[in-house]
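Hi everyone, thanks for making time this morning. Let me put the sequence and the model up on the screen, and then I'll walk you through it.

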Amino acid sequence: MVGQDFDVIIIGGGLAGLTSAIHLSKHNIKVLLVEKTNYPSHKVCGEYISKEVLPYLKQLGFNPFDLGAKHIDEFELTTHNNKRIRAKLPLGGFGLSRFEMDFQLYKLAKANGVTILQDTVTNVNFKTDGFQVKTKTDKNVKAKIVIGSYGKRSNLDVQLQRAFIQKKSPYLAVKVHAKGNFPENKVALHNFKGGYCGVSKVENDHINLCYITNFDAFKVYKNIDAFQEEIVFKNKALRKVFEDSKITFKNPLTISQISFETKSPVENHILMCGDSAGMIHPLCGNGMAMAIKSAQLVSELIIDYLQGKIETRQKLEQLYTRTWKRNFSFRLSVGHTIAYLFRKDWLAPKLLTVLRWFPFLVPLIIKMTHGKPMKAE
Ligand SMILES: Cc1cc2nc3c(=O)[nH]c(=O)nc-3n(C[C@H](O)[C@H](O)[C@H](O)COP(=O)(O)OP(=O)(O)OC[C@H]3O[C@@H](n4cnc5c(N)ncnc54)[C@H](O)[C@@H]3O)c2cc1C
């Protein structure tokens, strides 16, 4: 590995990294993917994926329904004062755990000839016209292009001195899987004071229960159990889901410091992809589709660059920035606005009343935070 050169090094093997690795390797591009954790492993995520990604995933050779993914076409929203609306999802989605999805994509990437290294990237250096990438175990690798698909927050953001990393972020999230009765075709968002919890089914009949809240709401209580009892379960629908289910995780998975600040899609010549380029609020349930879509966009441009159809690196970076913004800026700002409005505890029930009067608004709002079905090549 040391001294070996690659066309592309991909930092981070989540959905963005794995799908771009598969896409590029299908075009005979020499790819190294560096991922710090072992496959398979669980991730804090709602695991509801918009069906807009299906044509592209199928083209890459991945069909989630072969793995037992659930079709989801119904949406339910409840508020902390126990008001509820239901709607049909315009395009719908599927439920598949990240444990399974990332693992199967990893196996597909390997089968396509991607070199996969389990290690942490500690340093990325750009010199004249190429990159030198260093890892925790002292490996040095070179490539013409680097994709940064290392997720919402990483040691590399500190090294790159990205603006968002300087600011404290107040959000934390908790996830468990459970066994119990919950309709297979439904995704529910249950609002509570200071946050909301997503509920939907994944393969093997497991229910994903994943909530996000702000630290101020959480810190008053000593632990997750007390917080859930005092705040989360004030939403009766949510209490019932928890009461009727048996949690299968030994311990809940937690993450903190989740940031929704604006980021740049290109940083020190690294092409950022997925959450590394920008994160939509999980309330919108579109982060995974955005990660996969950005992987497709970056891969297509990299192929054109390596084939000489895009003449310079500067042009490549300009084109990617423009394409990324065209595809995601609107979705992100609608997502930020919705999240902002639902953060106001007094406002969420009023918004829900408006949506009950004008139910046609629900699919319209969902459409604004989602993309159209992705085109396969
Ligand atoms: C609480 C919560 C709920 C969510 N629910 C949903 C939902 O229901 N639907 C939806 O569509 N989206 C949801 N999202 C968003 C979704 O999880 C993300 O948008 C998606 O995971 C982004 O994929 P990614 O590939 O960019 O990053 P990730 O999947 O986070 O992958 C990044 C990878 O990089 C690796 N890495 C990091 N640093 C390094 C390093 N230095 N060297 C090597 N590897 C490194 C990490 O180990 C990780 O595997 C949710 C997010 C949160 C926080």
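I'll start with the ligand, move on to some helices, and finish with a few backbone details.

First, the ground rules. This is a predicted model, where local features need pLDDT of at least 70 and side-chain atom pairs count only at pLDDT 80 or more, while totals for chains, interfaces and linings use all residues. Residues are numbered from 1 along each chain as its sequence is written, and side-chain values use heavy atoms, with hydrogens and water left out.

So, how many residues surround the ligand? There are 39, and the closest are Glu35, Gly46, Tyr48, Arg98 and Asp275; a residue is near the ligand if one of its heavy atoms lies within 4 Å of it. Sorted by class, that shell has 17 nonpolar, 14 polar and 8 charged residues. Here Ala, Val, Leu, Ile, Met, Phe, Trp, Tyr, Cys and Pro count as nonpolar, Asp, Glu, Lys and Arg as charged, and the others, Gly among them, as polar.

Now some polar contacts, meaning pairs of N or O atoms within 3.5 Å. Glu35 has a polar side-chain atom 2.7 Å from a ligand oxygen. A polar backbone atom of Ala16 is 2.9 Å from an oxygen atom of the ligand, and for an N or O atom in the side chain of Lys43 the distance to a ligand oxygen is 3.0 Å. On its own the ligand has 1,000 Å² of accessible area, and the protein covers 95% of that; the areas come from the Shrake-Rupley method with a 1.4 Å probe.

Which elements supply at least two residues each to this shell? They are helix H1 (15–25), strand S2 (31–35), helix H4 (155–159) and helix H9 (287–306). Helices (H or I, at least four residues) and strands (E, at least two) are DSSP runs, numbered from the N terminus. H9 gives the most, with 3 residues.

Staying on H9, have a look at Gln296. Gln296 is buried, with a relative accessible area of 3%. Buried means under 20% relative accessible area, exposed over 50%, and partly exposed in between, with a 1.4 Å probe and protein chains only. Beyond its neighbours within four places in sequence, Gln296 is in contact (heavy atoms within 4.5 Å) with His23, Tyr56, Met374 and Lys375.

His23 takes us to H1, as one of the buried residues of that helix.

Compare helix H11 (residues 348–357), where Ala348, Pro349, Leu352 and Leu355 are buried. They cover an arc of only 115° around the axis, taken from the directions from the axis to the C-beta atoms, which puts them on the same side of H11. Their cover includes strand S4 (70–78), strand S5 (84–95) and helix H10 (313–343).

Last, the backbone. The peptide bond from Tyr39 to Pro40 is cis, with omega near -10°, and Pro40 sits in the loop between S2 and strand S3 (48–50). Gln161 has a positive phi, near 55°, and is exposed, with a relative accessible area of 64%. Asn268 also has a positive phi, near 50°, but is partly exposed at 41%.

How values were computed:
Polar contact = N/O pair within 3.5 Å; in protein donor to acceptor, adjacent residues only side chain to side chain.
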